[in-house]
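Hi,

Here is the structure I said I would pass on.

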Amino acid sequence: NMEAGKHLIVSHCAVDSDELRSLTSDEAENAAWANEYRPSDLMALTHPEVKAFVADRGIDLVSVTDLV
């Protein structure tokens, strides 16, 4: 349970694509982050259950620019 207020979740979502894989070599230290985590973040945050959870609780999704 979260208290009322502002909470920040940071994600760098991306579509699994040749373009994404071209940004980082497989040997790079951040290859897993770039090539695995970014598409899985997108899948998680756009999953119908997550979207329903957000809607059911009246959570407002905003951009960082809305907070400054």
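This is a predicted model: local features need pLDDT of at least 70, side-chain atom pairs count only at pLDDT 80 or more; totals for chains, interfaces and linings use all residues.

**What turned up**

Residues are numbered from 1 along each chain as its sequence is written, and side-chain values use heavy atoms, with hydrogens and water left out.

Leu67 counts as partly exposed because its relative accessibility is 36% (buried is under 20% relative accessible area, exposed over 50%, partly exposed in between, with a 1.4 Å probe and protein chains only). Helices are DSSP runs of H or I with at least four residues, strands are E runs of at least two, and both are numbered from the N terminus.

Next, the largest pocket. It holds about 920 Å³ of space and is lined by 24 residues, with His7, Ile9, Ile59, Asp60 and Leu61 nearest its centre. For the method: on a 1 Å grid over the protein atoms alone, a pocket is an open set of points with protein on both sides within 12 Å along at least five of seven lines, whereas a cavity is a set where a 1.4 Å probe fits but cannot get out; lining residues have an atom within 4 Å of a point. Grid points are joined across faces, edges and corners, and the volume is the space filled by probe spheres set on them.

Helix α3 (residues 48-56) gives the largest share of that lining, 4 residues. By type, the lining splits into 15 nonpolar, 4 polar and 5 charged residues (nonpolar: Ala, Val, Leu, Ile, Met, Phe, Trp, Tyr, Cys and Pro; charged: Asp, Glu, Lys and Arg; polar: the others, Gly among them). Asp60 lies in the segment after α3 and is exposed, because its relative accessible area is 67%. The C-alpha atoms of Asp60 and Ile9 are separated by 12 Å, though the two are 51 residues apart along the chain.

How many salt bridges does the structure hold? There are 2, a salt bridge being a side-chain nitrogen of Lys or Arg within 4 Å of a carboxyl oxygen of Asp or Glu. Arg21 pairs with Asp16, closest N and O atoms 2.3 Å apart, and with Asp18, where that distance is 2.8 Å. Together Asp16, Asp18 and Arg21 are linked in a network. Asp18 and Arg21 both belong to helix α1 (residues 18-22), 3 residues apart, or about one turn of the helix. Asp18 is exposed, at 60% relative accessible area, and Arg21 is partly exposed, at 37%.

Cheers
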